[in-house]
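Student: Could we go through some of the ring pairs in this protein, and could you show me how each label follows from its definition?

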Amino acid sequence: MVPYLEQMNRFFHLFGLFWVVFNGCFCQNTTVLGTVVQVNTSISIAGVRVSLEGTNIRTQTDAQGNFEFSENLPLGEQELILIKEGYESAKFPILIHNNQVLTLNQLFMHPSMMYEDDRYTISLSEEELTNDTSSADNIAGLLQSSQDIFSRTAAFDFGPSFFKVRGLGSDQGIMSINGITMNKFSNHRPQWSNWGGLNDVLRNVEYSSGFKPSVHSFGAPLGSTNISTKASEYPSGGRITYSSSNRSYANRLMATYASGLVKGGWAYAVSVGRRWSEEGYQDATFYDANSFFLSLEKKINNQHSVYLTGIYTPNSRGKSSPNTQEVYDLKNTKYNEYWGYHDQEKRNSRVKRIEEPILFIGHQWQINSGLDLLTNALFQFGSTGNLRLDFANGANPSPAYYQRLPSYALANPNGPDYSQAFLLQEEFTANGQIDWNRIYDANLTNSSMGLDASYVLSEDRNEDQFFAISSALNWKISDRLRLLSKIDYRQLRSHNFALITDMLGGTTYSNVDSFEGTQFDLNRPNSVIQKGDVFRYNYLLEAKQPSVWIQAEGSFGKWDYYGGINFSQTVYRREGLFRNEANSNNSFGKGPEVRFEGIGAKGGFTYKFSGKHIIDFNGAYILRAPSLSNTYTNVRYNHNVVGTNSQGPIPGTASISEEKIQSLDLNYLFRTNLIHARLTAFYSKIMDVNQTSIYYADGLGGFEQTSEFIQEVLQGIDTKHFGIEFGAQGQLTPVVMLNAAVALGNYTFDNNPFLYVASDASTVPVGRTYLKNYKLASGPQSVYSLGMEYRDPKYWWMGLSANLFQNTFIDISPLQRSSNFYTDPRDGLPFIEYDQTIAQKLLKQERFNDYITVNAVGGKSWKIGQRYLGLFISLNNLFNERYRTGGFEQGRSANFRTLLDDLSRPKRLFGPKYWYGQGTTYFVNLNLRF
């Protein structure tokens, strides 16, 4: 190990020496220095982020408010940007001449009468923090990127329509706190609710677009966001906030106080909050969340600082259901099938609960003026749970079950039964919710007869222990050369099981699969279970991931450039605690380790034609491990990795491999004192992705029964994402600003991945599924926004925007686009009646209607002595536009015959399920700062 470290040390020294010599060829004796002070008081402001727009040149003011740039600065007209929490961001046009010193004696910053980012974070981030799907979870990083008009528009105006930037989800972005990556091993996505309701203490944000250099992350196609919770970085003072909304919650109350750096080098910050609602926009979607935050810091001397942060945000909420169009037509777009009245109160059967405290400890070592070492460690523990009704030997309790809808009577094999259809319609429209009383009655009856309960309430629970440590080196060799390097280690131990939480009037329950008759745990056959017992599945998952990266950035003349490489290794392992009868040979005990090697390279440059015209290019190629959910085919019940079953490799499949990511973007920036604009062309390709789905299908080939519960596994999916982004902001008058944003994308499947299906009894390799050129279900692929904003000198403002959304597509069924679709399951030959023209019509991807939304925002601030009172109001979808944001084809009609039969009925039994956007919603925020 020692020789290896010595070789690495020599490599870094030689690498740094090369860059010093290379950049030294382009030295200029040019300097910009200045002092930042508060307006009116002229008090120096420390910790202001100072940068030259469109460059990698940046620094922070020292304790006296001073900063300095020198050597190889871009010449001509430039814009100096000042950013500091609690102050209004400022821009100053400057003119830099070669071989001259530009002294900016006093640059004034105004205390913020209202937080600029309130307009973008308060109204949207809570939607993100509570969303349970990937539909709207991709814009969290953009919420902090308030300097870019396209990003702000994507967050505020496009976000409620489940718009995905570049057609990518949040698994293609990096979210970190204090330099620790918070993306989960399970799905590569951050769990936003882990820090929800703490807006006031999560404002110290550094966002790096794409793969641009950052001391906290190597980068990702959607960029990287880091939140710092060091207590000394919060301005001293307090803030009390009350919010009201009709979106996820009805009420929010927050209180925050920060000491600033006080005598003895100590600083602390504390924040508490509560969000609650008996019902959100959807029926019976209650919300109950508390938030606690504490940060302590001790500045030992000018070189060393240690800090500690604790975050605890327990929360629970009622879920809402996607529905078929038949259900929406009978009810409305607020309908939710998951609830019913119990004891005269709305009771939701699907509840998501999260309780995962986080502890951070960190140390910052300022080795010298150009060398900084930042070390952080994290420990997170706790549990998440998803409540649901489990039933055995009883009728499906769902009120929207297909046999309870009018379409079922109309599909009678002997001809439509209109009278029964009418009765079903009347019953569904009058009631149409879970009948809790019937459930209790059934269980009480069973109990009196000595039988097991037919229904129980169970929770799918994850109890995680997550540890991570990282150390990042920031070596500023000169103002035009910087080296960044980071080494980190992440480890997860996750216990996953189903737990009975309520017997619903019953006394015992069976741990046997009621559909297949197999034991869930052969080690304890025919076990009798009760409230608090584990059943169905029980297993552990372990994940370990060390990684290291290095990147360098520099500049000469009109050029800025960077490059970097990273390496990682990821190891997964499953350990079964139940021996599942259907998977008796590969479900219990420790499974094999699954290893992945990650490597990445990136590079980019910026060329400044002048202070007004800038070209920027970024490119990267990354190999990374798939998420845990995309590694195992049915992780609850066996050790099978994608491409294998208990007998070994599945014929036609390849060994599981790393995901590959290609990312390119070219940007043109135009800026004057009156206009700022960005035009971007982007291209990304995501390759070798796996995907697993579980559902019930009719018309299956290769099985003993043509109808089965199956695991549908897609291996080696490639997707392609390309298009353009445009954002512009123009100052029409000193108080009126015009904003415009456009995104035109084309997001498609780019190959025909291999598909196989598995049940408890067997595995059937289906072959290729023909997905190439089908559109991805990634929200609207074409969006346009035009807005205007008025900012009055007396500290009130208002804005109005109109937004057009186009090209939103449904999520297609892969099995219906495979050989299974045209093959008769009885003999394995093509259907006699198969017609290619009809098949093309059946499989045509649904495109949703275009729609327009109009949004309005406004605010007012008052200064009351040394206190500030702020009011913010936002109204979304002013004209109550009704639109679909997403949906998916049900895979139940798996072949030509069953799908044609379903579409030939008066009403489809198994039509697509949809999500609809919210109607007119409001958000009001009132805060007092002191």
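Tutor: Let us begin with the aromatic pairs, where rings of Phe, Tyr and Trp (its six-membered ring) pair if their centres lie within 6.5 Å; by this rule the count comes to 42 aromatic pairs. This is a predicted model, in which local features need pLDDT of at least 70 and side-chain atom pairs count only at pLDDT 80 or more, while totals for chains, interfaces and linings use all residues. Residues are numbered from 1 along each chain as its sequence is written, and side-chain values use heavy atoms, with hydrogens and water left out.

Student: What makes Y537 and Y637 an aromatic pair that is edge-to-face?

Tutor: Their centres are 6.4 Å apart and their planes stand at 90 degrees, and because planes under 30 degrees apart count as stacked, over 60 as edge-to-face and the rest as tilted, the pair is edge-to-face.

Student: Which parts does the pair of Y537 and Y637 tie together?

Tutor: Y537 lies in strand β28 (residues 534-556) and Y637 in the loop between β32 (613-624) and β33 (644-645), so the pair joins parts that are 100 residues apart in sequence. Strands (E, at least two residues) are DSSP runs, numbered from the N terminus.

Student: Why is Y637 called buried?

Tutor: Buried means under 20% relative accessible area (1.4 Å probe, protein chains only), with exposed over 50% and partly exposed in between; Y637 has 16% relative accessibility, so Y637 counts as buried. Y537, with a relative accessible area of 3%, is buried as well.

Terms used
Helix = DSSP H or I, 4+ residues; strand = E, 2+ residues; numbered from the N terminus.
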